[in-house]
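Welcome! Please take a moment with the sequence and the model shown here, and then we will walk through some of the places worth a look.

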Amino acid sequence: MTARSATVNPLTGVRDRSQIRADHSGGRRMRVASGARRRRYAGVPGDGGFKNIFQSQKTLRSTLHKDRSMKGCSMQRALFLLGAIFVLASSAAASAQTLKAVKDRGSLLCGVSQGLPGFSNPDDKGNWTGFDVDFCRALAAAVLNDATKVKFTPLSAKDRFEPLKTGDIDVLSRNTTWTLSRDVSFGNFAGVTYYDGQGFMVRKALKVNSALELNGASVCTQTGTTSELNLADYFRANNMKYEVVAFGTADETVKAYEAGRCDVFTTDVSQLYSEKLKLANANDHVVLPEIISKEPLGPLVRHGDDQWFDVVKWTLFAMLNAEELGVSSKNVDEAMKSNQPEIRRLLGVEGNFGEQLGLTKDWAVRIIKQVGNYGEVFDRNVGPGSKLGISRGVNRLWTKGGIQYAPPIR
Ligand SMILES: N[C@@H](CCC(=O)N[C@@H](CS)C(=O)NCC(=O)O)C(=O)O
């Protein structure tokens, strides 16, 4: 294998993806797979799901059009169509009122993963904790003035999108990668809470130093994820053979890997670090240096509800802006007395920004006080001082060399 160059990816402290690309074009000897056995992938994870209301209305319009051209259209049919229009119109109205529904209910319904330490995991007392969990807590603090008023629904990768459509959850905060097809089919991504990338974990005993040495390996992964799709791309692009062993839940995937049913475990790198904590002998395993994809993870809301979309977006932006302005859970009361205009606007001392969102003046104060700014949430759950020990990398603020950047409050 060619010697790897030492450029380090700030995301994970390992080699940079762009460098991997450069290496590929730099004359690396490709393995040529003879008769590569490949699984065919039919489409995006969970694809073929539901249509949104806009699509349904288009279908309805074309139905109406055809109907008009039909002679002898019965009264019954006209009534049926009118009824259908009414149902569509009222479901559009319902989906546009999530903020009101959350306020009326007095709790937020938040979809999370089924158990991913550092991101969303119940503790010994059954309280949900983690980075994705804290985002929902921040949202509840902003809307309900109580970060504890959240009902968490654990969802598998494959089943995570449907509950958003049916209204069983108000927001999906579950290490979900923002992709074009998900954006079109499943809802609106409210931003990127965590910039991630996909990696590989292997047993140290295999003495593998690079993903490019994995020709012929069996790889464990979870169904309904971008990981499955990227895996196929990566091995194809590098002319390597592999066998995929896919499972419906993270626990099954990790157990299978630990039991030796596959040589490699692949998912987003943050999740590799998280799942590694579940292994009996974590030190016997190593995360390989390659990052094979972009995985911008963020919260997802239903299509057709701009007000709620704004509330979720600005909850994230408030946390980022607070960090940028040096406002934290520890000094927020003091910061209220600041004469810096940006701090005054963030904390509702000046302007009516909370009201514009359908909240109250002190919406951001509540987020910061009850949950913390972005940096506090990162450090507490996944940062170097936590069990996961992930360096901030590209998730540092843009003012600190990273790519986390929030629009201004004004
Ligand atoms: N970010 C990727 C992967 C997400 C994913 O579900 N990864 C698995 C990797 S183990 C996971 O987090 N499982 C946790 C669970 O099912 O609770 C995606 O959106 O498709």
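Helix H4 (residues 98-105) packs against helix H11 (residues 306-324) at an angle of about 70°, and their axes are 7 Å apart. The axes are lines fitted to C-alpha atoms over the stretch in contact, and angles run from 0 to 180 degrees between N-to-C directions. H4 and H11 are therefore roughly perpendicular to each other (the word covers angles of 65 to 115 degrees). Helices (H or I, at least four residues) and strands (E, at least two) are DSSP runs, numbered from the N terminus.

On the H4 side, Thr98, Leu99 and Val102 meet Gln307, Trp308 and Val311 of H11; contact means heavy atoms within 4.5 Å. By class, this contact of H4 with H11 has 4 nonpolar, 2 polar and no charged residues.

## About the model

This is a predicted model, in which local features need pLDDT of at least 70 and side-chain atom pairs count only at pLDDT 80 or more, while totals for chains, interfaces and linings use all residues. Residues are numbered from 1 along each chain as its sequence is written, and side-chain values use heavy atoms, with hydrogens and water left out.

The protein chain has 16 helices and 16 strands. Of its 410 residues, 51% count as buried (under 20% relative accessible area; exposed is over 50%, partly exposed in between, with a 1.4 Å probe and protein chains only).

## The nonpolar cores

The largest nonpolar core has 63 residues, and Leu108, Trp308, Val327, Leu346, Leu347 and Trp363 have the most contacts inside it. Such a core is a set of buried Ala, Val, Leu, Ile, Met, Phe, Trp, Tyr and Cys residues joined through side-chain atoms within 4.5 Å. Apart from it lies another core of 18 residues, among them Phe200, Leu214, Ala217 and Phe235.

## A buried glutamate

Glu290 sits in the loop between strand S14 (285-287) and strand S15 (295-297). Is Glu290 buried or exposed? Glu290 is buried, with a relative accessible area of 0%. Its side chain is joined to that of Ser210 by a polar contact of 2.6 Å (a pair of N or O atoms within 3.5 Å, one able to donate a hydrogen and the other to accept it). The Glu290 side chain also reaches the backbone nitrogen of Ala211, at 2.9 Å.

## A loop residue with positive phi

Lys207 lies in the loop between strand S10 (198-203) and strand S11 (217-222). Although Lys207 is not a glycine, its phi is positive, at about 55°. Lys207 counts as exposed, at 68% relative accessibility.

Definitions and conventions:
Parallel < 35°, antiparallel > 145°, perpendicular 65-115°, else oblique. Nonpolar A, V, L, I, M, F, W, Y, C, P; charged D, E, K, R; others polar.
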